[in-house]
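I am opening my notebook on this protein and shall write down what I look up, one topic at a time. The sequence and the structure come just below, and my entries follow.

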Amino acid sequence: MTTVDTTYGIAAAESCGPPSGSLADLLERVLDKGIVIAGDIKIDLLDIELLTIRLRLFIASVDTAKKAGIDWWETDPALSSRAARDALAEENAQLRARLEALEESVAETPEAVGE
């Protein structure tokens, strides 16, 4: 009786395939480097353009996005409490300036106050 050595065939098949990695490794690589997905959706009816949607998706970590110059979440009042405070402070300053201008214009016209 003869024995067949099958370990050689299995080892050769494993070494010839693509390098295997876990999903976590792939996700880490994508977040570290970043990935851009772009596409356009266009709806036409009888050669009349009704709707065009341009999609741009950038998937990356926060650090990678900042390196790319993307930091909108820091200035959006809906996403950042600091940005919300800054927006309220700016609105408050504008309203105070308008109020001061109105008070000055009323003070300069005494006939309007005397009536």
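**Entry 1: burial and overall layout**

I began with burial, and I found that buried residues make up 3% of the 115 residues in the protein chain; buried means under 20% relative accessible area, exposed means over 50%, and partly exposed lies in between, with a 1.4 Å probe and protein chains only. I note that this is a predicted model, in which local features need pLDDT of at least 70 and side-chain atom pairs count only at pLDDT 80 or more, while totals for chains, interfaces and linings use all residues. Residues are numbered from 1 along each chain as its sequence is written, and side-chain values use heavy atoms, with hydrogens and water left out.

Next I looked up the elements, and the protein chain has five helices and two strands, which follow the pattern α-α-β-β-α-α-α along the sequence. Helices (H or I, at least four residues) and strands (E, at least two) are DSSP runs, numbered from the N terminus.

I also looked up contacts, where contact means heavy atoms within 4.5 Å. Among the contacts between residues at least 6 apart in sequence, 20% join residues at least 24 apart.

**Entry 2: the surface and its patches**

The protein chain exposes about 10400 Å², and carbon and sulfur atoms supply 59% of this area. Accessible areas come from the Shrake-Rupley method with a 1.4 Å probe, and for residues only the protein chains shown count as cover.

Which elements give two or more residues to the nonpolar patch? I first listed the members of this surface patch, which are Ile41, Ile43, Leu45, Leu46, Ile48, Leu50, Leu51, Ile53 and Leu55, with about 850 Å² of accessible area together. The elements I was asking about are strand 1 (35–45) and strand 2 (48–59), and strand 2 gives the most, with five residues. Patches are made of residues with over 30% relative accessible area and no salt bridge, with like charges joined within 9 Å and nonpolar side chains (Val, Leu, Ile, Met, Phe, Trp, Tyr) within 5 Å.

I then took two members of strand 2 in turn. Ile48 lies in this strand and counts as exposed because its relative accessibility is 51%. Leu51 also has its place in strand 2, but it counts as partly exposed, at 38% relative accessibility. Leaving out residues up to four places away in sequence, Leu51 touches Ile41, Lys42 and Ile43. The C-alpha atoms of Leu51 and Ile41 are separated by 8.0 Å, and the two residues are ten apart along the chain.

**Entry 3: salt bridges between the strands**

How many salt bridges does the structure hold? I found three, where a salt bridge is a side-chain nitrogen of Lys or Arg within 4 Å of a carboxyl oxygen of Asp or Glu.

The side chains of Asp40 and Arg54 meet in one of them, at 3.6 Å from N to O. Asp40 lies in strand 1 and Arg54 in strand 2, so this pair ties together parts that are 14 residues apart in sequence. Asp40 and Arg54 are both exposed.

Asp40 also forms a salt bridge with Arg56, and here the closest N and O atoms are 3.3 Å apart. Since Arg56 lies in strand 2 and Asp40 in strand 1, this pair ties together parts that are 16 residues apart in sequence. Arg56 counts as partly exposed, at 48% relative accessibility.

Glu49 and Lys42 form a salt bridge as well, with their closest N and O atoms 3.8 Å apart. Lys42 is exposed, with a relative accessible area of 53%, whereas Glu49 counts as partly exposed at 48%. Salt bridges that share partners join Asp40, Arg54 and Arg56 into one network.

Most residues other than glycine have a negative phi, but phi of Leu46 is near 55 degrees and phi of Asp47 is near 60 degrees. Leu46 is exposed, with a relative accessible area of 75%, and Asp47 counts as exposed at 79%.

Is Thr64 buried or exposed? Thr64, which lies in helix 3 (residues 62–67), is buried, because its relative accessible area is 12%. Leaving aside neighbours within four places in sequence, Thr64 is in contact with Leu31, Asp32, Lys33 and Gly34.
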